[in-house]
Amino acid sequence: MKWFWYFLWSNFFFSLQAQTLAEIEKQISESSKKDTNWVLLLIKAGDMHADNRNFTKAHQYFQQALQHSQKIKYFNGIMKTYYYEGLTYRSEGDYKLSVDNHLKAIEIAQKQNNQDQLMRSYVGLGNAYRNLSLYEKSLDSYLKSLEFAKAVSNKRIEAACYNNIGEIYRFQDNDSLALEFYRKALKINRESKDERQIAINLNNIGTIYFRNENYQNAKNYFEESLSLSEKLNNKRLLIVNYINLGNIFIRQQGEDNSEGAMKYFHSAILLAEEVKDYHNLSIAKRSFSRCYMFQKDYETAEKILREALEIAEKAEIKSEKAEGYRDMVLLKIRMKSNPQEVLDWEEKYQKVLQEIQNETLTDKIAKLQNDFDFKQEKIKNELLRRENQLKEMQRLEAQMLQKQKEQENALLASQNNMLLMENEVKEAALEKERLMREDARIRAEKVRKEKELLEKDALLKKQTLEKQKYFILGASIIAVLTALLAFGLGRAYLNRKRFAQTLQLKNKEIEQQKEEILTQRDLLDEQNKLLAHQKEEILASIRYAKNIQTALLPYPKRLLSFFKDFWAFYKPRDIVSGDFYYFTERNGKGFLALADCTGHGVPGAFMSSLGIAILENTIVAKNITQAAQILQELDYILYKSLNQEGGNAQQDGMEIALCVIDKHTKTIEFAGANRPVFICVDEQNPEEFIPTKLSVGGTRDEMIRTYESQTITFEKHCRIYMFSDGYHDQFGGDKQKKLGKKGFYDILLQTAQLPFQEQEKFIREKFETWKGTNEQIDDVSIIGAWVET
């Protein structure tokens, strides 16, 4: 029933609870700003019209909300519209359209990882499938909703899922499993003291015992349910309790003692008439008529039974018409009426019974068709899953081929280096060959000159024989020439000998250089291998340190148990980071912080680990909960731990922003050490809150530093943004300059206007676009937290 689920969802739009439908429609018509709040008003108006069973008007509002949400890209509005359309179509009895809309809402919620909406949509989907008699799909939907309810610690929905699963098993006549899940729902509702749901669970358990003829246990559960229903003035459940207790009274006391049962049936009749519950009114009047029949007051019994039949016929409740006709047959037989009159009533009974059987057969055929479609869909999904597995294997194979190609490229580069060294050796050999050719040329020149000398000597002798008269003169000339030639040949010989010695030395030097090159190459290869091994060991250690540092950061599930939503853009410059963010919950308060430690890489990671440990000890162990006192304690312990007393002490420390969030008092206490915080209160733009102009740690004039705190109040919700200075200090853009605080604050203002689930992606893309191909100069950390009461 929609009234049951509407109770579970009544706090969904808590800000609109107290308003009437007329007030909401007035706001819609008079609103000049058609933003996300206007969409929520449209959805609320549609839901209230649906609750009044004005379905046409409800769909008009839902369609208007859907179209405007799509126009402004408000995905939460699209998702909520589909969800409430699904609930409305189920109330109308159009269960297939209900399924379609719930599936659309689930698709968007999955993309946004909105576990709360997934929990609610799967409940709605399970109800629609249950109405279509698709019990396997219905059970699967309830189990998924149960999983999300446990993830977000929503005990009310968890209990509702257990109750609905029990209903499925009851419809399938599996009373033992139905009873098991009804009891699980009852246990949770008793722990949370939800008396309305406890009464429903008690009635369901009593029904199982009644079906199995364990009337005493059934009576005990019905009476406890009745007591709670009277306390809560739950008139609809009171009607069911009265009818159940009346039937048990007859089963236990017998038909002859029906006076006690009549009190219960009469109470049920009065309440059913008041709330216009015609189905149970017909049941109560028919049961009341039986009591008069057992007392043999047939006239009164017939009068009341005709009233019950008239109600069932007007409301087209075929099951009650059949039961009423059957009771009329039994009554006429006891009254010993005309046989033809008995046959007329019997004919009516058989006709309605045949209609019910035909409808049941039609439902069974539809169920078989739906089951067949469901199995076909499962086969299709399995094939799709296997296809995705094949694609994943192909992707991994491509990665392996890419790595193999990279290794081959590295080997090729190494071979190129070897070729360069071989070319150097070849060039040395060519130089040696050139010197040898030069030596050969000198030798040939010597032979040529010797040959010319011999030819000149022969010519001279011939001239001497022919010209004796010139003998003395010729002899003198020859002697002079011979002396000059001898002098020249001597010098040439000495030069050649000296050149040969130089060539020999050059050859030895080249051989030595070749050996030295080969030795240096082998030594360089060994050193490269050693350096590569050492580098890999260092990187492995740092990667392991990254795992430890990541484990120290808040676990997402822990964050989402306190905040409505949370995101973090956490990008270390090196493998490990000098930035960290921290969260813990203590005594109903949330403690959220972001710090920028001195340095980055391994030194910064050491500082961040020390900061996390001191915060945990201060808040959890020492139970210090005031923001300014926490920073004071953090500063003092860090100062003492790093031995920063004295003039030569190192200046390591950190800048930090800390918020203490109290959802009960709707306050946030902020204290900062050189790190501000931006907070959006309710629907306002982000406002910057200035920190104390002191860092945490480092040398100082006074031993104890004092930090100031500020208190911010909110009504419904707020969004908190904390960040380190790495983002606005990054070089980039067309002019290759720092982004600066103004540029970063503009980006943060744009971010706050977006749906919360899209903000981290926007921040990350803006940073990568600004940085371009430049190296990251510092660790970058930004977090966003959505607080809602």
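## Helix packing and salt bridges

Helices H13 and H15 are roughly parallel to each other (angles under 35 degrees count as roughly parallel, over 145 as roughly antiparallel, 65 to 115 as roughly perpendicular, the rest as oblique). The model is predicted, so local features need pLDDT of at least 70 and side-chain atom pairs pLDDT 80 or more, while totals for chains, interfaces and linings use all residues. Residues are numbered from 1 along each chain as its sequence is written, and side-chain values use heavy atoms, without hydrogens or water.

**Exercise 1.** Describe how H13 and H14 each pack on H15.

*Solution.* 
- Step 1: locate the helices (DSSP runs of H or I, at least four residues; strands are runs of E, at least two; both are numbered from the N terminus). H13 covers residues 235-253 and H15 residues 278-294, whereas H14 covers residues 259-275.
- Step 2: take the first pair. The axes of H13 and H15 are 10 Å apart and meet at an angle of about 25° (axes are lines fitted to C-alpha atoms, for helices over the stretch in contact, with angles from 0 to 180 degrees between N-to-C directions). H13 passes H15 in a left-handed crossing (the near helix is turned anticlockwise from the far one by less than a right angle; clockwise is right-handed).
- Step 3: take the second pair. H14 and H15 have axes 9 Å apart, at about 150°. H14 is therefore roughly antiparallel to H15. Their crossing is left-handed.

**Exercise 2.** How many salt bridges does a search of the whole structure find, and how are Glu191 and Lys187 placed in helix H10?

*Solution.* 
- Step 1: the search finds 36 salt bridges (a side-chain nitrogen of Lys or Arg within 4 Å of a carboxyl oxygen of Asp or Glu).
- Step 2: Glu191 and Lys187 form one of them, at 2.8 Å from N to O. The two residues are four apart in helix H10 (residues 175-192), so about one helical turn separates them.
- Step 3: Glu191 is exposed, at 53% relative accessibility (exposed means over 50%, buried under 20%, partly exposed in between, with a 1.4 Å probe and protein chains only). Lys187 is also exposed, at 52%.

**Exercise 3.** Examine the salt bridge of Lys314 with Glu310, then that of Lys571 with Glu768.

*Solution.* 
- Step 1: Lys314 and Glu310 pair at 3.5 Å, N to O. Both belong to helix H16 (residues 298-314), four residues apart, or about one helical turn. Lys314 is exposed at 67% relative accessibility, while Glu310 is partly exposed at 41%.
- Step 2: Lys571 and Glu768 pair at 3.5 Å, N to O. Lys571 lies in strand S1 (residues 565-571) and Glu768 in helix H24 (residues 759-771), so this pair ties together parts 197 residues apart in sequence.
- Step 3: Lys571 is partly exposed, with a relative accessible area of 25%, and Glu768 is partly exposed at 32%.
- Step 4: elsewhere, salt bridges with shared partners join Arg286, Arg290, Glu320, Glu323, Arg326 and Asp327 into one network.
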